[in-house]
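Here is a short report on selected sites in one protein model. Keep the sequence and the 3D view open while reading.

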Amino acid sequence: MSEVFATTGTIAAIATAVVPQQGSVGIVRVSGSEAMALAQTLFHAPGRQVWESHQILYGYIRHPQTQQLVDEALLLIMKAPRSYTREDVVEFHCHGGIMAVQQVLQLCLENGARLAQPGEFTLRAFLNGRLDLTQAEGIADLVGAKSPQAAQTALAGLQGKLAHSIRQLRANCLDILAEIEARIDFEEDLPPLDDKAIISEIEKIAAEITRLLATKDKGELLRTGLKVAIVGRPNVGKSSLLNAWSRSDRAIVTDLPGTTRDVVESQLVVGGIPVQVLDTAGIRETTDQVEKIGVERSRRAANAADLVLLTIDASAGWTEGDREIYEQVQHRPLILVINKIDLVEERQRKTLQSQIPNPNSKIATAAAQNQGIDALEVAILEIVKAEKIQAADMDLAINQRQAAALTQAKISLEQVQTTIVQHLPLDFWTIDLRGAIQALGAITGEEVTESVLDRIFSKFCIGK
């Protein structure tokens with residue numbers, strides 16, 4: 001292991017968020033062979049409380065030299081192997097805030113522990129066989145989940161659903177490899193291999209890999225969310241649309257054009273997908289230097305967004321300004337939002353429909369009256385499906401690392417088939433088959449390099 005992930009010694013870290021004047025409980029987690037000794041040094045449990053595994057003790061944390069009281073706390077004991085890391089683990093459950101947990105952590109560091117590296121508790125769980133890599137990544141995804149669907153998908157990974165599929169594929173590859181190697185070693189004693197049967201088995205494995213690869217885009221969507229930019233001329237109701245959609249007053253709404261000078265963000269969940277909505281400044285030519293900056297930021301937000309909501313004012317009709325903005329964003333996935341529809345008559349609506357271009361969707365809204373939001377969300381989900389971001393298996397979604405390994409395994413299997421068709425010697429069959437086995441093993445951690453571990457666990461928070 002690299003120095004970053006030297007997993008020797010006893011480690012300690014704050015395992016909860018540290019926020020001034022917030023949080024009722026703060027936890028300091030300690031793992032390693034000296035965890036129990038450290039707890040007995042720092043923690044005083046009055047009465048006849050029993051220091052046994054999976055017990056919670058009540059007492060006081062004191063400085064071991066001065067006996068100065070640091071905090072009134074609870075101590076949770078989890079002895080190996082029945083702990084998160086499969087090492088001895090103790091947790092000091094202190095009062096929330098900043099000072100108590102920081103003082104307790106400092107005492108731990110002064111008395112033999114070292115500060116844990118990001119992800120080191122979970123890394124030890126992996127190295128000690130409690131978790132495989134897909135489960136470890138599921139923990140990271142669960143901590144960072146931005147929607148209930150993302151949390152459910154992360155839990156499926158944590159429970160081993162992906163690992164089970166990968167191990168089965170790898171076992172099938174190993175069975176084929178064993179058949180081939182048996183013919184290499186004992187060719188005269190065994191019947192010839194059935195080339196067509198081998199190819200058929202490899203095709204089945206490749207088909208399952210293809211199915212798993214189809215979940216990558218959905219996984220990225222659940223993890224990172226969908227970025228949606230609301231753009232349009234000034235005073236078309238962009239801020240009203242954001243407020244109605246988010247059911248809050250995130251953006252200032254007035255009848256004065258140019259009220260929004262900067263990008264205003266709101267976090268929503270649509271159909272289980274986290275959505276970051278950006279309300280942008282009205283796009284127009286202006287001599288106001290501050291507004292100019294806002295307009296430029298609006299253009300950048302539109303270009304960086306996954307989806308653009310081009311909002312127009314139905315009562316003003318399709319204007320030259322609307323057309324210019326449309327030409328700037330038409331290359332992006334686009335929904336045309338016809339706002340203030342409550343202010344126009346049916347005849348005007350028909351005229352407007354004939355004037356505007358034909359983007360992916362057209363939605364009529366009256367944001368000030370909270371009308372049309374449900375239809376807008378349906379249109380967004382339709383765009384997502386049209387972009388093939390959703391996958392059939394909603395309980396499983398692979399990440400980029402897993403997708404890269406699966407792609408390599410699929411390529412190796414295709415090369416095996418080519419080798420068989422070209423009637424090359426059996427030794428050549430085994431080379432690419434071993435490559436597929438190695439790629440699949442890298443997903444669960446059965447075959448993993450130090451650099452992969454560094455990359456995965458460095459993304460964790462320190463206390464996890």
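Helices (H or I, at least four residues) and strands (E, at least two) are DSSP runs, numbered from the N terminus. Arg401 lies in helix α14 (residues 400-421). This is a predicted model: local features need pLDDT of at least 70, side-chain atom pairs count only at pLDDT 80 or more, and totals for chains, interfaces and linings use all residues. Residues are numbered from 1 along each chain as its sequence is written, and side-chain values use heavy atoms, with hydrogens and water left out.

**Burial**

Buried means under 20% relative accessible area, exposed over 50%, and partly exposed in between (1.4 Å probe, protein chains only).

| Residue | Relative accessibility | Class |
|---|---|---|
| Gly119 | 0% | buried |
| Arg29 | 14% | buried |
| Arg401 | 14% | buried |
| Lys464 | 24% | partly exposed |

**Arg401**

The side chain of Arg401 reaches the backbone oxygen of Ile443 at 2.9 Å. Contact means heavy atoms within 4.5 Å. Beyond its neighbours within four places in sequence, Arg401 is in contact with residues including Leu133, Glu137, Val452 and Arg455.

**Annotated positions**

Which positions carry the "binding site" feature in UniProt? The unreviewed entry places it at Arg29, Glu91, Arg130 and Lys464. Such annotations may be inferred rather than shown by experiment; feature names are shortened, and positions follow the numbering used here.

Arg29 lies in strand β2 (residues 25-31). Leaving out neighbours within four places in sequence, its contacts include Glu91, Phe121 and Lys464. Lys464 sits in the segment after α16 (450-457). With neighbours within four places in sequence set aside, Lys464 touches Arg29, Tyr84 and Gly119, among others.

**Gly119**

Gly119 is in the loop between β7 (114-115) and α3 (120-127). Where does the chain come back to it? The C-alpha atoms of Gly119 and Lys459 are separated by 7.2 Å, though the two are 340 residues apart along the chain.

**Strands β8 and β10**

Two strands pair if DSSP finds at least two bridges between them. Strand β8 (residues 226-232) and β10 run parallel, joined by 5 bridges. Ile230 stands opposite Asp279 in β10. Strand β10 (residues 273-279) is mostly covered, with 6 of its 7 residues buried.

Conventions. Polar contact = N/O pair within 3.5 Å; in protein donor to acceptor, adjacent residues only side chain to side chain.
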